[in-house]
Amino acid sequence: MVIESVADEGRTFEPHAAFVQQARISSKEEYDALYKRSMDDPEGFWGELAAQELHWFKPWDKVLQWDEPTVQWFAGGQLNISYNCLDRHLTGARRHKAALVWEGEPGDSVTLTYAQLHHQVCLFANTLKKLGVEKGDRVAIYLPMIPEAAVAMLACARIGAVHSVVFGGFSAESLKGRLVDAGVKVVITADGGWRRGSIVPLKANVDKAVQGTAVESVLVVRRTAQKIDWHEERDYWWHELQQTVSAICPAEPMDSEDMLFILYTSGTTGKPKGVVHTTGGYNLYTHITSQWLFDLKDTDLYWCTADVGWITGHSYTVYGPLSNGATSFMYEGAPNFPDNGRFWQLIEKYGINILYTAPTAIRAFMKWGEDWPGRYDLSSLRLLGTVGEPINPEAWMWYSEVIGAGKGPTPAPIVDTWWMTETGGHMLATFPGAHTMRPGCAGLPFPGVEADVVDREGNPVPVGEGGYLVIKRPWPSMIRTVYGNPDRYRQNYWEQVPGVFFSGDGAVKGENGYFKVLGRVDDVLSVSGHRLGTMEIESALVSHPMVAEAAVVGKPDDIKGEAICAYVTLNEADQDQSQEELIQVLKKHVVAQIGAIARPDEIHFTEQLPKTRSGKIMRRLLRSIASGEEIAGDMSTLEDRSVLDKLRGS
Ligand code: WTA
C-alpha cells in the first residue's frame, strides 16, 4: 500500500490543572526522565519496577535475554499472575474491596470483592484439576461477558494451564479451528449469553466444534437457563462440580517465561495465528501501563468495554487492573439495548470514573445523537481512553466535549492508546497528566518502547512522512511466538523489515515526536475495531461450492472504519439463483464460517478478477473501485484491462 504523508493537524489540548495535580505521572519532564532511564538502562528500569510492583516466589537471574527473535524477561524468576491479581490484595485494606462489578444485559448484577473473587477462582481451579487439567494443558474459554470469564482465566493462570479465550461471536467453525490448533483439552462455555435481547447459542456451537477434536470435557456455566443438548460423558455443570471440590488452591509457582495464554488473531494468511504470551513480562507490563495511563486510583471504578475475547479485555479488563487492586467493571451486552443510552445509564448508575472504549463505538454514539448521553449524569467520569483504530479528530472532539468535558468538576483527558494483540500492552499513548493531547495522534512511546517510522529496508523516514511503524527493541509483554509455528513468528514480525518488530501499521512521526497511526498496510482489515484478514474471508467464501474465486478488500465506512467488500467469481454450473439470493447465501456462509463480525457488507459478482500476468489478484485496484476512487498507479502488470471496466459497472 502506498502511504502518503500527512500534515500535522495542529490542534492541541492540555489536561486540566486539577487533573494534573493528582495524576501519577504529572509532567512532561517526569515522563521524559522515565523514558530516558528506560532507554539508557532498560534492565535497571524494568528490574526495579518488577521488584517494586509484583510479588515473586523466586527472584530472576537476568532481567533481559535477547537473542533475536527469542526473548526472555526475568528468566529464572517465579511468580503467578493470579497470585498478583488476587492473593496479595487479601492481606490489607483491599480484602473486601470490589474487584469486579458486573451488570448483565437483562439488568441483573454481581459484585465480587477480592476475597470473593479469590474464593471463586480457587474453586474453579480445583474444578479444572478434577477434570484432569494439568500445568501446560490448553483450556479454551468461550463465554459471554460474565464474571465467570474472568474467573476462568484467573483459574487457568493459577494452576499453570494455558487459556485460549475465543470471542463468543465466533462461529462453531472458527472455534473448532482454534481448538484443533492449540490441542485444547477442556472447553469452558455457558448455556448461552444475552445479546440485544436474544440468547447467543454458545453451547450449541461448542457441541458442533468439539467433534473430531482432542477435547475431553466441556464445563458449562449456567447463565440463561435455556434448554441445551447434553452429553453425559463429556459435559459438566460448573455449579454442580464446584460443590465437590475444595476452596483451597495455592497458586502454582510459574517460571517467568511459562506460557500464560494463546490468543488467536487475524493476519495476512487464511488462518488466524495463535499469539503466545508468557507470564512475568506480561504481568509487569500490563500492570504498569494500567497504572500510569489510566491513572488508576483505589477509589476508581474503571470500565474497559472490550470483550475478554480480545486482547484489550485480557490486558485491561482482567489482568492489568486486578494486578493493581483496582475495581474493574464488566457489562455483558450490547450498547444499544434496551436503548441507545445503555452505556451512559451504566455510568450514571454505578458512578464509573474511567471509560476505555473504541472509536467505532464513539462514532456510533455520535450518530445516535447527544440526546442520549444528555439524559444521564456523567459527572463521575474523570478519564477517557480509546483503542482499536485511529480515532478521527471529529470523534475525538465529540468524545471530549459531549462525554468528557465540563460534566464533572474536572474535564476528562483523553488517552489514546496504540497497541496490538502481539504487543500485549499499550505501546504509544498520551499520558493523561503529562502530555499535550493531539486529536488523531496516538501519542508518544511508553517507557521502554523504542518506536520508529521506517522504510522497507529499515531506514528512518524523514519527520512528517509516512512509513512503517516498527519497534526497535524487545519490551516485556511482546509476543513470544506463534503457537506451533515459530517460522511464521520470525517471518511475520522480525523479517519484514530486517531486525525490528514489524507492526503492520503505517504511521507518521511529527516534529514533536508524536506518532500518528494511519492504519494497516497489509491485507488486514479493521472492521468496527476488529481485526480481520482479507484472506480469511476469501477462504471462507471459496469454501462455498458455488464460488470459484474471491477477493476481499476494505472500503471506508463512517461508523465501522472499514466495510467488507467482496468480489466473487462463480462456478458456471451454479448460476441459476437470483443475484440477491446468492448474495444472501454467501453472506450467511461467511457468518457460519467465521462469525457475524466477518459478514460482507457488499458482494459483487464478476466474471474475472483483476490479476497480474503472474496470476496475483491486484487488490489495490479493487480497493479503488470499491471506494469509487480514480484508479491510479502502475497498471502495466495487469493482465486484462477490460476487467476493470466490467468491475466498475458491477
Ligand atoms: C489498530 C487491539 C490507531 C492498529 C489493541 C493495530 C490502532 C490493530 C489503535 C491491532 C490506535 C489499535 N490508533 N490504530 N489507538 N489501537 N489500532 O490486535 O491497526 O485487535 O495494528 O489489538 O488495531 O488490533 P488488535
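**Group meeting talk: loops, a ligand and a helix**

Okay, let's start at Pro 69, which sits in the loop between strand S1 (62-67) and strand S2 (70-75). Keep in mind that what you see is a predicted model. So what is the peptide bond from Glu 68 to Pro 69, cis or trans? It's cis, with omega near 0°.

There's another cis bond to look at, this one joining Phe 337 and Pro 338, with omega about -5°. To find Pro 338, go to the loop between strand S17 (327-331) and helix H12 (342-350).

Before we go on, a word on confidence. The chain has an average pLDDT of 94, and 97% of the residues score at least 70.

Now, the ligand. There are 16 residues around the ligand, and the ones that come nearest are Asp 416, Thr 417, Thr 421, Asp 505 and Arg 531. What kinds of residues make up that shell? Seven are nonpolar, four are polar and five are charged.

Which elements supply at least two residues each to the shell? That would be helix H11 (311-323), strand S20 (414-418) and strand S27 (515-520). S20 gives the largest share, with three residues.

Let's zoom in on some individual atoms. An oxygen atom of the ligand is 2.6 Å from a side-chain N or O atom of Asp 505. Over at Arg 520, a polar side-chain atom is 2.8 Å from a ligand oxygen. With Gly 388 we're looking at the backbone: one of its polar backbone atoms is 3.0 Å from a nitrogen atom of the ligand. And how much of the ligand does the protein bury? On its own the ligand would expose 530 Å², and the protein buries 95% of that.

Let's go back to H11, one of those shell elements. Is this helix enclosed or open to the outside? It's largely enclosed by the rest of the structure, because 13 of its 13 residues are buried. After H11 comes Gly 325, and its phi is positive, near 75°.

How exposed are they? Ala 225 has a relative accessibility of 62%, so it counts as exposed. Ser 528 comes in at 25%, so we call it partly exposed.

My last stop is Lys 36, in helix H2 (residues 28-40). This lysine counts as exposed because its relative accessible area is 52%, and the cut-off is over 50%.

Terms used
Residues are numbered from 1 along each chain as its sequence is written. This is a predicted model: local features need pLDDT of at least 70, side-chain atom pairs count only at pLDDT 80 or more; totals for chains, interfaces and linings use all residues. Side-chain values use heavy atoms; hydrogens and water are left out. pLDDT is the predictor's confidence in each residue, from 0 to 100. A residue is near a molecule or strand if one of its heavy atoms lies within 4 Å of it. A polar contact is a pair of N or O atoms within 3.5 Å; within protein, one must be able to donate a hydrogen and the other to accept it, and residues adjacent in sequence count only if both atoms are side-chain atoms. Accessible areas come from the Shrake-Rupley method with a 1.4 Å probe; for residues, only the protein chains shown count as cover. Helices (H or I, at least four residues) and strands (E, at least two) are DSSP runs, numbered from the N terminus. Ala, Val, Leu, Ile, Met, Phe, Trp, Tyr, Cys and Pro count as nonpolar, Asp, Glu, Lys and Arg as charged, and the others, Gly among them, as polar. Buried means under 20% relative accessible area, exposed over 50%, partly exposed in between (1.4 Å probe, protein chains only).
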